[in-house]
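Good morning, and thank you for coming.

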Amino acid sequence: MYTPNTDGIDHINIYTKGETQLGRDLTNLSNIGLTYPGYGTFKSMEGFWYYYLTGCQFQEFTTTNGFQSKSLGKTLKEFRVDKEGLTEEQREVLKEGIRCKLRQNKDLLESLISSDLPFSHYYYYGSKENCKIHYLPQFDWIVEEITRIRTVCKQYYKRGNYD
């Protein structure tokens, strides 16, 4: 099991309080914007996440930062389209949002490609030395998608493709 004490040494925690810049930047809450054709431009992936999962009816999510989007999203639970859990189709739309974020932010994509440590996603509470770790296995698919993107990009560049 990974811990915050080894974040950046034996893994990268995709978390706002992660030890690595890459881990913090890969979170949906990071204020790294994206444009998703057909949906619009968002200041964070979290904004797109809640926009999409509330039925694409709240334009506020296009202008709120990551933490504002999360706060607003929590107040709109009755509008959520994923009350029974995410469908595979919904996951695919959200994965494309992650891909848009990476394609449109070259520095982030380059950092991702340059990394080799395995990714994880967990929250922790308390000090790093004496913390309670909380894993959210229902979001493992996000970590798997980011790992898949890194693998595909590394293979692409190994073949001599640099554009």
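How many aromatic pairs does the count come to? The count comes to 14 aromatic pairs. Please keep in mind throughout that this is a predicted model.

Let me begin with one of these pairs, Tyr-15 and Tyr-123. Their ring centres are 5.2 Å apart and their planes stand at 40 degrees, which makes the pair tilted. Are the two partners buried or exposed? Tyr-15 is buried, because its relative accessible area of 9% falls under 20%. Tyr-123 has a relative accessibility of 22% and therefore counts as partly exposed.

The second pair is Tyr-39 with Tyr-52. Here the ring centres are 5.9 Å apart and the planes meet at 85 degrees, so the geometry is edge-to-face. Tyr-39 sits in the loop between strand 2 (34-36) and strand 3 (40-42), while Tyr-52 lies in helix 2 (residues 45-53), 13 residues apart. Tyr-39 is partly exposed at 26% relative accessible area, whereas Tyr-52 is buried at 11%.

Which residues do ring pairs link into a cluster? They are Tyr-36, Tyr-39, Phe-42, Phe-48, Tyr-51 and Tyr-52. One further ring deserves mention: Lys-17 lies over the face of Tyr-124, at 4.8 Å from the ring centre.

I turn now to helix 2. This helix is mostly covered, with nine of its nine residues buried. The buried residues are Met-45, Glu-46, Gly-47, Phe-48, Trp-49, Tyr-50, Tyr-51, Tyr-52 and Leu-53. What covers them? The cover includes strand 2, strand 3, helix 3, helix 4 (88-104) and helix 6.

Gly-55 follows helix 2 and has a positive phi, near 80 degrees. Cys-56 also has a positive phi, of about 55 degrees, although it is not a glycine. Cys-56 is found in the loop between helix 2 and helix 3, and at 26% relative accessibility it counts as partly exposed.

In helix 3 (residues 66-74) we find Ser-71, which is partly exposed with a relative accessible area of 47%. Its C-alpha atom is separated by 10.0 Å from that of Tyr-50, a residue 21 positions away along the chain.

Finally, I come to helix packing. Helix 5 (residues 106-114) packs with helix 6 (residues 140-158) at an angle of about 85 degrees, and their axes are 9 Å apart. That angle makes helix 5 roughly perpendicular to helix 6. Which residues make the contact? Helix 5 contributes Leu-109, Leu-112, Ile-113 and Ser-114. From helix 6 come Ile-146, Ile-149, Arg-150, Cys-153, Lys-154 and Tyr-157. By class, the contact has seven nonpolar, one polar and two charged residues.

Thank you for your attention.

Notes. Residues numbered from 1 in each chain as written. Predicted model: local features only at pLDDT ≥ 70, side-chain atom pairs only at ≥ 80, totals over all residues. Heavy atoms only, no water. Axes fitted to C-alpha atoms, helices over the stretch in contact; angles between N-to-C directions. Helix = DSSP H or I, 4+ residues; strand = E, 2+ residues; numbered from the N terminus. Parallel < 35°, antiparallel > 145°, perpendicular 65-115°, else oblique. Contact = heavy atoms within 4.5 Å. Nonpolar A, V, L, I, M, F, W, Y, C, P; charged D, E, K, R; others polar. Phe/Tyr/Trp six-rings, centres within 6.5 Å; stacked < 30°, edge-to-face > 60°. Buried < 20%, exposed > 50% of the residue type's maximum accessible area, 1.4 Å probe, protein only. Lys NZ or Arg CZ within 6 Å of the ring centre and 35° of its normal.
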